[in-house]
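Here is a short report on one protein model. Look at the fold first, then at the side chains.

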Amino acid sequence: MSRRPIELSPTLQREWDLLADRLDASPFLRPGWVLAWWRAFGAGRLELLELRRSGALAALLPVVHRRGAIFSPTNWHTPVFAPLWSEGCGEELTEKLFALHRPLVELGWLVAEHSSLPLLEAAAKRAGYDLVVDVRRSEEHTSELQSHHD
């Protein structure tokens with residue numbers, strides 16, 4: 001599986017970090033971690049799903065396209081994963097994810113208590129996906145959401 005480099009402008013990196021700052025996000029949800037993870041482990045194509053409000057970055061979700069499916073850029077080296085969104089942007093970002101119409105969407109290491117999980121589940125159901133949510137109770141309190149579309 002080939003790894004395609006991602007070109008991320010310094011401006012977008014700054015915007016992503018500023019969004020993460022506003023949301024008090026984990027270091028694992030920032031461009032520095034995601035891009036380092038991609039260079040070390042990535043395979044397929046990394047895409048950043050983003051929403052803008054009045055020109056400013058309001059929501060962002062990095063996803064990996066691989067073998068016709070979508071995955072979170074995560075593995076055992078990534079303790080948490082979640083979309084970043086400003087208030088009122090969650091539903092639109094989750095709709096954008098499932099509008100890609102891939103047969104499988106697998107987002108691992110989601111924080112079980114994060115507000116994204118119910119919105120992701122609802123968007124997946126509206127898009128006709130079957131859900132598998134595997135909640136692992138541990139120090140990280142993480143979940144995995146797998147959505148299959150027929």
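What share of the 150 residues in the protein chain do buried residues make up? Buried residues make up 47% of them. Buried means under 20% relative accessible area, exposed over 50%, and partly exposed in between, with a 1.4 Å probe and protein chains only.

This is a predicted model, in which local features need pLDDT of at least 70 and side-chain atom pairs count only at pLDDT 80 or more, while totals for chains, interfaces and linings use all residues. Residues are numbered from 1 along each chain as its sequence is written, and side-chain values use heavy atoms, with hydrogens and water left out.

**Overall fold**

The protein chain has four helices and seven strands. Their order along the sequence is α-α-β-β-β-β-α-β-α-β-β. Helices (H or I, at least four residues) and strands (E, at least two) are DSSP runs, numbered from the N terminus. Take contacts between residues at least 6 apart in sequence: 64% of them join residues at least 24 apart. Contact means heavy atoms within 4.5 Å. The accessible surface of the protein chain is about 7700 Å², and 52% of that belongs to carbon and sulfur atoms. Accessible areas come from the Shrake-Rupley method with a 1.4 Å probe; for residues, only the protein chains shown count as cover.

| H2 | 31-41 | Pro31, Val34, Leu35, Trp37, Trp38 | within 155 degrees |

The arc is that of the directions from the helix axis to the C-beta atoms. In H2, the buried residues fall within an arc of 155 degrees, so they line one face of the helix. Gly32 and Arg39 are exposed on the other side of H2. Cover for the buried residues of H2 includes helix H1 (10-22), strand E1 (45-53) and E2. Glycine 128 follows H4, with a positive phi near 85 degrees.

**Histidine 65**

Histidine 65 sits in strand E2 (residues 56-66). Histidine 65 is buried, at a relative accessible area of 10%. Its side chain makes a polar contact with the side chain of glutamate 47 at 2.5 Å. A polar contact is a pair of N or O atoms within 3.5 Å; within protein, one must be able to donate a hydrogen and the other to accept it, and residues adjacent in sequence count only if both atoms are side-chain atoms. Beyond its neighbours within four places in sequence, histidine 65 touches residues including Ile70, Leu100 and Arg102.

**Aromatic rings**

The structure holds five aromatic pairs. Tryptophan 76 and tryptophan 109 form an edge-to-face pair, 4.7 Å centre to centre, with 75 degrees between the planes. Tryptophan 76 lies in the loop between strand E3 (69-71) and strand E4 (84-85), and tryptophan 109 in strand E5 (residues 104-111), so the pair ties together parts 33 residues apart in sequence. Rings of Phe, Tyr and Trp (its six-membered ring) pair if their centres lie within 6.5 Å; planes under 30 degrees apart count as stacked, over 60 as edge-to-face and the rest as tilted. Tryptophan 76 is exposed at 72% relative accessible area, whereas tryptophan 109 is buried at 12%. Trp37, Trp38 and Phe41 form one aromatic cluster.
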